Amino acid sequence: AAVEAEAGAGEDELVLRVKHERVALLEAWFVFEERVEHGGGGASLKEDVARRMPREVVKKRPIVDKRGQTIDWEEYTDLEFGSGTTDEPHRSLLDVARAWKQSRALD
C-alpha cells in the first residue's frame with residue numbers, strides 16, 4: 001500500500017507538471033498572437049487561446065492513513081482547461097501552424 005501511495009504521489013506530480021507546462025505554452029502562444037499581425041484574424045486567435053487557458057478550481061481529496069481509511073479531507077487547487085484542450089491539446093496548435101505556413105506560402 002505504501003508503494004502504491006508513493007507511485008500515486010509521483011503520478012500526481014507528473015500531472016501537475018504537465019498542466020503547468022501547458023499553461024506556459026498557452027501563455028507563450030498568447031504573447032505570440034499579440035505580437036504577430038494576422039491580417040485581421042489576430043483578435044480571434046487571441047480569443048481562442050484565451051478560451052483555452054485553465055481556470056483554478058478548488059477540489060477535495062481524502063487523507064488516508066496507513067490502514068487505508070479516510071481520516072480527513074483536504075482542499076486543493078486544480079487547473080481545469082477550456083474546451084477542446086483535454087482530448088488533443090496539440091491538434092489546434094498544429095492547425096494554426098498549418099494555416100500560418102499556408103499563408104506564408106501564398107506571400
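**The core and its surroundings**

Modeller: The protein has three helices and two strands. Read from the N terminus, these elements follow the order α-α-β-β-α. The model is predicted, with an average pLDDT of 79 for the protein and 76% of the residues scoring at least 70. Residues 1-7 fall below 50 in pLDDT, and this stretch makes zero contacts in the model beyond near neighbours in sequence. Where pLDDT is low, predicted coordinates should not be read in detail.

Of the 107 residues of the protein, 18% count as buried. The largest nonpolar core consists of eight residues: Val23, Leu26, Trp29, Leu45, Val49, Leu79, Phe81 and Val96. Two elements, helix H1 (2-35) and helix H2 (42-52), each give two or more residues to this core. H1 gives the most, with three residues.

Setting aside neighbours within four places in sequence, Phe81 is in contact with Lys19, Arg22, Val23, Leu26, Arg52 and Pro54.

Pro54 sits in the loop between H2 and strand S1 (55-64). In sequence, Pro54 and Phe81 are 27 residues apart, but their C-alpha atoms are 4.0 Å apart in space. With neighbours within four places again left out, Pro54 is in contact with Val23, Leu26, Leu79, Glu80 and Phe81. For the protein as a whole, among contacts between residues at least 6 apart in sequence, 45% join residues at least 24 apart.

Lys19, one of the contacts of Phe81, also lines the second largest pocket. That pocket has a volume of about 210 Å³. Besides Lys19, its lining is made up of Asp12, Glu13, Val15, Leu16, Arg61, Tyr76, Thr77 and Asp78. H1 and strand S2 (70-80) are the elements that give two or more residues to this lining. H1 gives the most to the lining, with five residues. By residue type, the lining divides into three nonpolar, one polar and five charged.

To put the parts together, H1 is the element that gives the most to the core, and H1 also gives the most to the lining of the second largest pocket. Lys19 is in contact with Phe81 and is part of that lining.

Conventions. Residues are numbered from 1 along each chain as its sequence is written. This is a predicted model: local features need pLDDT of at least 70, side-chain atom pairs count only at pLDDT 80 or more; totals for chains, interfaces and linings use all residues. Side-chain values use heavy atoms; hydrogens and water are left out. A nonpolar core is a set of buried Ala, Val, Leu, Ile, Met, Phe, Trp, Tyr and Cys residues joined through side-chain atoms within 4.5 Å. Buried means under 20% relative accessible area, exposed over 50%, partly exposed in between (1.4 Å probe, protein chains only). Helices (H or I, at least four residues) and strands (E, at least two) are DSSP runs, numbered from the N terminus. Contact means heavy atoms within 4.5 Å. pLDDT is the predictor's confidence in each residue, from 0 to 100. On a 1 Å grid over the protein atoms alone, a cavity is a set of points where a 1.4 Å probe fits but cannot get out, and a pocket is an open set with protein on both sides within 12 Å along at least five of seven lines; lining residues have an atom within 4 Å of a point. Grid points are joined across faces, edges and corners, and a volume is the space filled by probe spheres set on the points. Ala, Val, Leu, Ile, Met, Phe, Trp, Tyr, Cys and Pro count as nonpolar, Asp, Glu, Lys and Arg as charged, and the others, Gly among them, as polar.
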